[in-house]
Amino acid sequence: MSDSTLIIVALAGVCLLLFLVIRTKLHAFVALMLVSLLVGIAADMPLSGVLASIQNGMGGTLGFVAVVVGLGAMLGRMLEVSGGAERLAQSLIDKFGENRAQWALGIAGFIVAVPVFFDVGFIILVPIIYGLARKTGKSLLYYGIPLLAGLAVAHSFIPPTPGPIAVANLIGADLGWVILFGVIAGIPAMIIAGPLFGKYISEKIKADIPEYIKVEQSYKHPLPSFRLVAGLVFTPIILILLNTVSGVLLDKGNGWREFLTFLGHPFVALTITVLLAFYYLGSKRGYSRSEVQEIATKALEPAGIIILVTGAGGVFKQVLIDSGVGQVIGDMMGNSGLPPIVLAFLIASVVRVAQGSATVAMVTSAGLIAPLISSLGLEGPVLGLIVIAIASGATILSHVNDSGFWLVNRYFGMDVKDTLKSWTVMETLIAVVGFAVVFVLGLFIA
């Protein structure tokens, strides 16, 4: 089959995927599986080969992602149920003072979204936004945008959140580099899109607490301490970073390097953290063993959807590679003259705007960019930059086809126009600033 035909097959596959997700509302998991089958057949792969690619793609992806996302979801659920997320926000506001509550909420969102899903973190902390707005008479956006920016940045940029975990696995990036570059790009993105933009837009749009909103929050036990919660959130991040740093500073075969590599593997780091959370947030604070078990089990329900969609993204990537389509796409991208970081951002942006889901945009973009990475022999830090470039593109221009858009629209009582002016612009600022940072870093690292 000619290269031009394979390119047509790949483009048709992506267009079909977008059509199925956008127009027919077919679930992303089923859509990715169906498109993978059809692309394999259209690319003239043996039928047995198509099935083998699906099995290898799913197994190779889920062998890593399922463990990390599952453990991360359990940690996040323990923080949610115990009131750990609320404790973080309250303590930071007390520390910063009411006059600098914007900055406290941005930081709180940044920390909370590492273990807790974006929408859950927002719903847990939105009563704090309401309370501050009532007290000061300011627009909800004055406090809400910084919180949303912190949540959105960490959700997209900082492992062990599902998006960057999935992309890192699909392109073979080291999580330590992803965390490092995610923080470096995420902090300025959070500042510009959060407190700075929040102050500006709150003067243009007066968002008040909607009459239909009734928020009731209660916790079975007293809130945990700030020190405990912060320690649990940062434990896996620090262990993973130690793994990466030891690989750079210590020689291969060094005993300390082997120990830190083991301890800093996401499987080990997250298992340790989850066990600590079960004990310190659960058993030690009055939860029975059966209650802790129920909390952990409940955490896997939303995680299961993310795991399956990510696995299907791995299938799509594997079919592209095994069919030969991936090599042709890689060559075409390589000949475009654009740096891989720019290509990754542009692909993710197009898919994001077209179908709305950041997760689908991330896994689809990773599958398309993986062949180029392989053909160019890219490795090390540059792969971490590409992950953040994809995450940035998958954040851009959230609009009416994104569930996050309507979540903010409802809780802040805004119309569509004002949601576009506030939430959509905030998301785009995060994307542009995040990409600008990794692009500049790429000039020195790539």
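Reply: Happy to! This is a predicted model. Let's begin with Ser-422, which has a relative accessible area of 0%.

Me: Why is Ser-422 called buried?

Reply: Buried means under 20% relative accessible area. Ser-422 has 0%, so Ser-422 counts as buried. You will find Ser-422 in helix 19, which covers residues 416-445.

Me: Which residues does Ser-422 touch, leaving aside those up to four places away in sequence?

Reply: With that exclusion, Ser-422 touches Leu-141, Ile-145, Phe-197, Ile-201, Ile-205 and Met-414.

Me: What makes Lys-206 and Asp-208 a salt bridge?

Reply: The cut-off is 4 Å between a side-chain nitrogen of Lys or Arg and a carboxyl oxygen of Asp or Glu. In this pair the closest N and O atoms are 2.6 Å apart, so the pair is within the limit. In general, side chains of opposite charge can pair when their charged atoms come close.

Me: How do you know that Lys-206 is partly exposed?

Reply: Partly exposed lies between the buried limit of 20% and the exposed limit of 50%. Lys-206 has 49% relative accessibility, so Lys-206 falls in that range. Asp-208, at 44%, is partly exposed too.

Me: What makes Glu-301 and Lys-298 a salt bridge?

Reply: Their N to O distance is 3.8 Å, and the limit is 4 Å, so the pair qualifies. Both residues lie in helix 13 (residues 289-323), three residues apart, about one turn of the helix. Glu-301 is partly exposed at 49%, and Lys-298 is partly exposed at 42%.

Me: Which residues are joined with Arg-352 into one network?

Reply: Asp-402 and Glu-427 are, through salt bridges that share partners. The structure holds five salt bridges.

Me: What caps the N-terminal end of helix 9?

Reply: Asp-174 does: one of its side-chain oxygens lies 2.8 Å from the backbone nitrogen of Gly-176. Helix 9 (residues 175-202) also bends by about 30° at Leu-196.

Technical notes
Residues are numbered from 1 along each chain as its sequence is written. This is a predicted model: local features need pLDDT of at least 70, side-chain atom pairs count only at pLDDT 80 or more; totals for chains, interfaces and linings use all residues. Side-chain values use heavy atoms; hydrogens and water are left out. Helices (H or I, at least four residues) and strands (E, at least two) are DSSP runs, numbered from the N terminus. Buried means under 20% relative accessible area, exposed over 50%, partly exposed in between (1.4 Å probe, protein chains only). Contact means heavy atoms within 4.5 Å. The bend at a residue is the angle between axes fitted to the seven residues ending there and the seven starting there. A polar contact is a pair of N or O atoms within 3.5 Å; within protein, one must be able to donate a hydrogen and the other to accept it, and residues adjacent in sequence count only if both atoms are side-chain atoms.
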